[in-house]
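Look over the sequence and the model below before you read on. The text then walks through them piece by piece.

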Amino acid sequence: MITFVIYKLIVCVVVFALSLGVAAYATLWERKFSALLQDRVGPDRAGPKGLLQPLADGGKMFFKEEIIPNVSNRILFILGPCIFMITAVMTSAVIPWCKDVSIAGKVYSMQITDINIGVLYLFGVVSIGVYGIMIGGWASNNKYALLGAIRASSQMISYEIAMGISVIALIITAGGTLSLREIVEQQDAGFANIVWQPLGFIIFFVCALAETNRAPFDLPECEAELVGGYHTEYSSMKLGLFLFAEYINMFISSAVMSAFYFGGYNFPWSHELYDALGLHDGSKWIAIIGFGAFFTKIVIFISVFMWIRWTLPRFRYDQLMNLGWKILLPLSLLNLAITVGVEFLRGNIHL
Amino acid sequence: MLGYTITQWLFGVLSFLAIMFALMVVFSRNPVNSVLYLVMTFFCIAGHYLLMNAQFLAIVHIVVYAGAIMVLFLFVIMLMNLNEDTEPQRTQITKIIAGVAGGLLLFVLVGSLKGTEQLQLQSYGASQIGLVKNLGKVLFSEFLFPFEIASILLLAALVGSIMIGKKDIK
């Protein structure tokens, strides 16, 4: 019992640290990447090649003066960024990071928890994240902040629907399981789900962009119209939490996409490689190589997110809603119908 | 601990919190706070579902009620910007009448509950019914007809709300 608690505690702390670390370095990577695309140098002053820039940014955020508007609801004003940050970190609980490791005859799974409703848990936590933005935007007592909050939440609710339906199609392909570990393991035996779900993946990807409020869907913080959007009135680390949580969301949605559609910690010819290296199930090296593969996929996805942000201009709000309701939703329903048909022909669905 | 199991402790704490938040919904002056307390109440109820091993219901309860419906509630209340200044002032007599009416309703409810017998819960296969697989199987075989009727009702409500929302009905 005590070993179990300690081991789970270690996994929790490691995953938490990993989310924060990746998010911190994603901010640096974002700036370096935009510099690359715009033919600039980017931040290079703090530390070698600017590698300490995230620390400098974080320190700056902490030491800035904190302003809470006089007329706002103080408790809710503080609660907003907290909820947004907590829900962003909570989503990492169901993601399987690598294969089970057996140490001294005991099997340890490298996942905080493998609940059999993992996919629904993800949706539940994401849907709670909206409250962070809404409460923060409303408590600011500022028209721009309120408009930004309303844009953010209506956008997130609208795109959640198409996302949910594309995930239902994925679950049918994955053999009807809602556990993320089983979805990943099922791709170990056969092909990655992207082979069966190309349209579903595109829908999921676009929705993930909208859910994380990334460009070209970053209308909630559209500076040309709304100053800073829902975080207009925020300063110091509260602003930092809002900005930082966006990067954590990006990290987690990249991880979810690689787990759902690209096999997570599996990669092509992995069994051949493990056999050639003489590794057996439960070896720590399999876990490390698998984690490396998973992490590579995540980094590629994060880079694609950034690539899109620095390439595409922002949507107009009515275009955003049209895309969500009139294009993505019917497409996802079509994808669901096709998936059911294909799976029936493959003999995976019995009447 | 004090002769109770952990489940009983959790049940007690969750029930206390649920009732407390439900009361706060009614008593708080600010409508936005009321909505947020209602969300907390939903979380406590989701906890109760988890205690009954109904994971699917618990998470759907959070996704649908706390995640979607209450966000829309919050939306409307934030846009209407209700606060104590815009709250209509009620006279003393309406308050007394409301108190008497509410008391009578409580009386009727308590009276009707007093006569009921304790319901014996019928358990389906060692309380695994709440898991997605079992729930889906029962829902799509034994209770298929009520399920379809409920979905038609929802569809009708959906169409109706769009009809009302439309500005120019031709």
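How far does helix H1 of chain A reach from its first C-alpha to its last? H1 covers residues 2-37 of chain A, 36 residues in all, and reaches 51 Å. That is close to the 52 Å expected at 1.5 Å a residue. The expected span of a helix is 1.5 Å times one less than its number of residues. Helices here are DSSP runs of H or I with at least four residues, strands are runs of E with at least two, and both are numbered from the N terminus.

A word on the source. This is a predicted model, in which local features need pLDDT of at least 70, side-chain atom pairs count only at pLDDT 80 or more, and totals for chains, interfaces and linings use all residues. Residues are numbered from 1 along each chain as its sequence is written, while chains are lettered from A and ligands numbered from 1 in the order in which they are written.

Stay with H1(A). Its buried residues are Ser19(A), Val22(A), Ala23(A), Ala26(A), Leu28(A) and Lys32(A). A residue is buried if 20 or more other C-beta atoms lie within 10 Å of its own, exposed if 12 or fewer, and partly exposed in between, with C-beta atoms placed from the backbone. The buried residues of H1(A) pack against helices H2 (53-63), H3 (74-90), H9 and H11 (284-309) of chain A. After H1(A) comes Asp39(A), whose phi is positive, near 60°.

Now take one of those partners. Helix H9 (residues 236-261) of chain A has 26 residues. From first C-alpha to last, H9(A) reaches 38 Å, close to the 38 Å expected. Of its 26 residues, 21 are buried, so H9(A) is largely enclosed by the rest of the structure. Gly263(A) follows H9(A), and its phi is positive, near 80°.

Next, the core. In soluble globular proteins, nonpolar side chains tend to be buried together. A nonpolar core is a set of buried Ala, Val, Leu, Ile, Met, Phe, Trp, Tyr and Cys residues joined through C-beta atoms within 7 Å. The largest one here has 109 residues. Met134(A), Ala149(A), Cys207(A) and Phe251(A) touch the most other members. Helix H5 (residues 143-173) of chain A gives the most to this core, with 16 residues.

Which residues does Met134(A) contact, leaving aside its neighbours within four places in sequence? They are Ala149(A), Ser153(A), Val71(B) and Leu74(B). Two residues are in contact if their C-beta atoms, placed from the backbone, lie within 7 Å.

The contact between the chains takes 15 residues from chain B and 16 residues from chain A. On the chain B side, helix H3 (residues 55-80) of chain B gives the largest share, 12 residues. The residues on that side divide into 13 nonpolar, 2 polar and no charged. Here Ala, Val, Leu, Ile, Met, Phe, Trp, Tyr, Cys and Pro count as nonpolar, Asp, Glu, Lys and Arg as charged, and the others, Gly among them, as polar.

Chain B has 6 helices and 0 strands. Buried residues make up 15% of its 170 residues. Its domain assignment gives domain 1 (1-83) and domain 2 (127-170). Such bounds come from an automatic or database domain assignment. The C-alpha centres of these two domains lie 23 Å apart.

How confident is the predictor? The mean pLDDT of chain B is 82, and 84% of its residues reach 70 or more. pLDDT is the predictor's confidence in each residue, from 0 to 100. The model scores ipTM 0.79 and pTM 0.85.

Finish with some loops of chain A. Asn141(A) sits in the loop between helix H4 (118-139) and H5 of chain A. Its phi is positive, about 60°, although Asn141(A) is not a glycine. Asn141(A) counts as partly exposed, with 15 C-beta neighbours inside 10 Å. Asn213(A) lies between helix H7 (198-211) and helix H8 (223-226) of chain A. Its phi is also positive, near 55°.

Is Asn213(A) buried or exposed? Asn213(A) is buried, because 23 other C-beta atoms lie within 10 Å. Trp269(A), in the loop between H9 and helix H10 (270-277) of chain A, is exposed, with 9. The C-alpha atoms of Trp269(A) and Asn213(A) are separated by 36 Å.
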